[in-house]
Amino acid sequence: MFWLEFKPSLATLVVLLLVSTFTDVSAADPADCPKIIKREQWGALKSTNVTYQVMPVQYVVIHHTATVTCDEMPICKNIVRSIQDAHQSMNKWSDIGYNFLIANGGNVYEGIGWHRVGAHTRGYNSKSIGIAFIGDFSEELPTVKALRAAGKMLRCGVALGELDPEYMLYGARQLSATASPGDALYADIQDWDHFDASKRL
């Protein structure tokens with residue numbers, strides 16, 4: 001029979017391996033991932049330059065935006081757009097600096113997104129995912145919904161192959177001269193899985 005005589009070439013085997021690999025990545029359980037508001041949904045401007053990361057990345061850096069908080073999508077969209085505008089027009093960056101932003105309502109907003117280099121922590125942008133909670137969390141924590149969304153986001157990243165299963169998590173203040181992610185939130189993330197207390201400025 002024909003199938004007994006078939007001898008796949010090396011190129012064919014490579015293609016089959018790649019298909020198998022990408023099938024496994026895309027098969028991540030949707031239950032692991034929170035609702036993500038895509039760039040086109042919040043009205044993102046086009047990035048002027050895109051640099052890709054080597055997956056999976058080893059670090060996660062938690063920030064706060066030091067803006068007002070938001071729950072409802074129309075208000076959150078405006079805040080995310082204003083952050084992108086500030087990053088592009090004032091900082092002269094190619095796009096919004098964070099990979100993702102999380103609102104108190106529990107929605108996650110796609111910033112620069114997965115496997116793209118952001119501009120949130122000098123020296124770590126190419127090898128980390130920057131997640132920013134929308135608001136100022138110096139004195140109070142994000143909502144339970146927002147914190148749960150962050151946990152799902154991290155599990156999602158591992159399931160998709162974007163984050164190393166042994167990733168290390170930091171507050172932005174551990175890696176750069178900033179008050180971010182605020183005293184209250186920074187105290188909280190020290191109890192999260194994968195938090196690395198070894199780094200201090």
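Reader: How many disulfides does the count come to?

Author: The count comes to two disulfides, a disulfide being a pair of cysteine sulfur atoms within 2.5 Å. The model is predicted, so local features need pLDDT of at least 70 and side-chain atom pairs pLDDT 80 or more, while totals for chains, interfaces and linings use all residues. Residues are numbered from 1 along each chain as its sequence is written, and side-chain values use heavy atoms, without hydrogens and water.

One of the disulfides is formed by Cys33 and Cys156, whose sulfur atoms are 2.2 Å apart. The link of Cys33 and Cys156 is right-handed, with 80° about the S-S bond. This pair connects distant parts of the chain, 123 residues apart: Cys33 sits in the loop between helix H2 (10-26) and strand E1 (36-37), and Cys156 belongs to helix H5 (residues 144-160). Helices (H or I, at least four residues) and strands (E, at least two) are DSSP runs, numbered from the N terminus. Cys156 counts as buried because its relative accessibility is 1%; buried means under 20% relative accessible area, exposed over 50%, and partly exposed in between (1.4 Å probe, protein chains only).

The other disulfide joins Cys70 to Cys76, again with 2.2 Å from S to S. About the S-S bond of Cys70 and Cys76 the angle is 120°, and this link is right-handed. Both Cys70 and Cys76 are buried. Counting the bonded cysteines along the chain, the disulfides follow the pattern 1-4, 2-3.

Strand E5 covers residues 128-133, and six of its six residues are buried, so the strand is mostly covered. Ser128, Gly130 and Ala132 point one way from E5, while Ile129, Ile131 and Phe133 point the other way; all are buried. In a regular strand, side chains alternate between the two faces of the sheet.

E5 pairs with strand E2 (residues 57-64): six bridges join E2 and E5, which run parallel. Two strands pair if DSSP finds at least two bridges between them. Within this pairing, Tyr59 stands opposite Ser128 in E5. Strand E3 (residues 100-102) is also parallel to E5, and three bridges join E3 and E5. Here Ile102 stands opposite Phe133 in E5.

In the loop between helix H3 (39-42) and E2 lies Pro56, and a cis peptide bond joins Met55 and Pro56, with omega about -5°. Ala66 is not a glycine, yet its phi is positive, about 55°. Most residues other than glycine have a negative phi, and most peptide bonds are trans.

Further along, Lys92 lies in the loop between H4 and E3. Lys92 also has a positive phi, near 65°, in a residue other than glycine.

One more cis bond remains to be described. The peptide bond from Ser180 to Pro181 is cis, with omega near 15°. Pro181 is found in the loop between strand E6 (163-171) and helix H6 (183-189).
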